Amino acid sequence: MTLNKVPDVTFRTRVRDESIDGPNPFRWEDKTSADYFAGKRVVLFSLPGAFTPTCSTYQLPDFEKLYAEFQAQGIDEIYCISVNDAFVMNAWGKSQNLENVKLIPDGSGEFTRKMGMLVAKDNLGFGMRSWRYAAIINDGKIEKMFEEEGFSDNCETDPYGQSSPQNILDHLKSAQSQAA
Ligand code: BEZ
């Protein structure tokens, strides 16, 4: 299945609200696909789970560090999505001291399923999660997909290369030099 456009879904996020008293000053805030994707050129990367080793040690920190290089290639935002709820995604973002990459909680897996990227990870006790992929998305239109090889349920390996920030930057740079 080749999608041209990101699916329209509503994400249930948790945002800090200083008007709320007490030890947990957060409230629910719904954000739609249009909120994240309309009128911007972005990189979205999707991974099997918050706090997992490759994602926490390489993929997310590398996207964070290379943000300025992505901006120089005409990227407005970098989003990281995972089939995890807003509480988990916020805790992961805090632990990573993120300033650049924005996290999107796809707790129900609806966006991931509609992207055709939902796979079983019951072999790890994870349930349904995202296959690793990344995409360049321009105003909601999928310009280029970077999907790891071997898409399958209960995959015993965790291929990582296509969706690395370095690979996507190489693609952006070569596209720009061809256009020049
Ligand atoms: C990892 O990012 O290293 C990882 C992802 C999913 C399951 C196990 C490990």
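How many nonpolar, polar and charged residues are in the shell around the ligand? By class, this shell has five nonpolar, two polar and two charged residues. Here Ala, Val, Leu, Ile, Met, Phe, Trp, Tyr, Cys and Pro count as nonpolar, Asp, Glu, Lys and Arg as charged, and the others, Gly among them, as polar.

Before moving on, note that the model is predicted: local features need pLDDT of at least 70, side-chain atom pairs count only at pLDDT 80 or more, and totals for chains, interfaces and linings use all residues. Residues are numbered from 1 along each chain as its sequence is written, and side-chain values use heavy atoms, with hydrogens and water left out.

**Stop 1: the ligand**

Select Pro48, Thr52, Pro53, Thr54, Cys55, Leu124, Phe126, Arg132 and Asp158, which surround the ligand; a residue is counted if one of its heavy atoms lies within 4 Å of the molecule. Now look for polar contacts, pairs of N or O atoms within 3.5 Å; within protein, one must be able to donate a hydrogen and the other to accept it, and residues adjacent in sequence count only if both atoms are side-chain atoms. A polar backbone atom of Thr54 is 2.8 Å from an oxygen atom of the ligand. For a polar backbone atom of Cys55, the distance to a ligand oxygen is 3.4 Å. Arg132 takes part through its side chain, with a polar atom 3.1 Å from an oxygen of the ligand. On its own the ligand has 260 Å² of accessible area, and the protein covers 81% of that (Shrake-Rupley method, 1.4 Å probe; for residues, only the protein chains shown count as cover).

**Stop 2: the largest cavity**

On a 1 Å grid over the protein atoms alone, a cavity is a set of points where a 1.4 Å probe fits but cannot get out, while a pocket is an open set with protein on both sides within 12 Å along at least five of seven lines; lining residues have an atom within 4 Å of a point. The cavity holds about 30 Å³ of space, a volume being the space filled by probe spheres set on the points, which are joined across faces, edges and corners. Its lining divides into three nonpolar, one polar and three charged residues.

**Stop 3: the largest pocket**

Next comes a space of about 500 Å³, the largest pocket. Select Arg14, Val15, Met89, Asn90 and Leu103, the closest to its centre among the 21 residues that line it. Strand 1 (10-16), strand 2 (26-32), helix 4 (86-95) and strand 5 (102-105) each give two or more residues to this lining; helices (H or I, at least four residues) and strands (E, at least two) are DSSP runs, numbered from the N terminus. Helix 4 provides the largest share, six residues. By class, the pocket lining has ten nonpolar, five polar and six charged residues.

**Stop 4**

Phe11 is in strand 1. Phe11 counts as buried because its relative accessibility is 1%, where buried means under 20% relative accessible area, exposed over 50% and partly exposed in between (1.4 Å probe, protein chains only).

Move to Thr112 in helix 5 (residues 110-114). Thr112 is buried, with a relative accessible area of 0%, and its side chain makes a polar contact of 2.6 Å with the side chain of Asp106.

Finish at Gln59, in helix 2 (residues 53-65). Gln59 is buried at 0% relative accessibility, and a polar atom of its side chain lies 3.1 Å from the backbone oxygen of Ser163.
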